[in-house]
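User: Could you take a close look at one part of this model for me? I'd like the aromatic contacts, plus whatever charged pairs turn up along the way.

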Amino acid sequence: MTEATTVLGALLQGARFGLEYNPLLAVIAVAVSAALAGRPRLKASRHAEAAGIVGVGWLIGDGLRILGHARDLHDGLASTALAGAPEWAGWVFLGAWALASLVIGYLGPALVGAAVGRRVTHGTGWLAAAGVGVALTVAISAGAGALA
């Protein structure tokens, strides 16, 4: 196995694990974050709050589990999903897992919801933002579950 195929295998395995994010906490974090960021003429401080909510939601939903695997890998106790691969491939796998779960499960739906909410002109942009974000989160989770 060459190093390029090892990296590609670790990235694909990490992306596959990233699709299996925690849907309950993702829905909550995305709904609150999109509702905050989905209002027209939003203050800059609200963007930071919305990003913080996504970050905390991801940390509670998936991040702590990934950090636990990182600790196990650091201690040499991890049963890696990449059997027979070198140790550095485990770090690539964990990085891909963390990035994929954050972007696909939390950040992407929140950004799409916020973008939709800012387009609503009659006072319920926050509701549209939360609704679209939640629907997208559930749809991605269901689609990933169907593929797995």
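Analyst: Here's a walk through the aromatic rings, and then the salt bridges. Keep in mind that this is a predicted model. Searching the whole structure turns up 4 aromatic pairs. Take Phe17 and Phe93: their ring centres sit 5.1 Å apart with 85° between the planes, an edge-to-face pair. Phe17 belongs to helix H1 (residues 3–18) and Phe93 to helix H4 (residues 87–119), so this pair ties together parts 76 residues apart in sequence.

Now the charges. The whole structure has 4 salt bridges. One of them joins the side chains of Arg16 and Glu20, at 3.7 Å from N to O. Both ends are partly exposed, Arg16 with a relative accessible area of 40% and Glu20 at 38%.

Helix H3 (residues 44–75) holds Asp62 and Arg65, 3 residues apart, or about one turn of the helix. They form a salt bridge too, with the closest N and O atoms 3.2 Å apart. Here Asp62 is buried at 0% relative accessibility, whereas Arg65 is partly exposed at 41%. Also in helix H3, Arg71 and Asp75 are 4 residues apart, again about one turn, and their side chains meet in a salt bridge at 3.2 Å, N to O. Asp75 is partly exposed, with a relative accessible area of 39%.

Methods:
Residues numbered from 1 in each chain as written. Predicted model: local features only at pLDDT ≥ 70, side-chain atom pairs only at ≥ 80, totals over all residues. Heavy atoms only, no water. Phe/Tyr/Trp six-rings, centres within 6.5 Å; stacked < 30°, edge-to-face > 60°. Helix = DSSP H or I, 4+ residues; strand = E, 2+ residues; numbered from the N terminus. Buried < 20%, exposed > 50% of the residue type's maximum accessible area, 1.4 Å probe, protein only.
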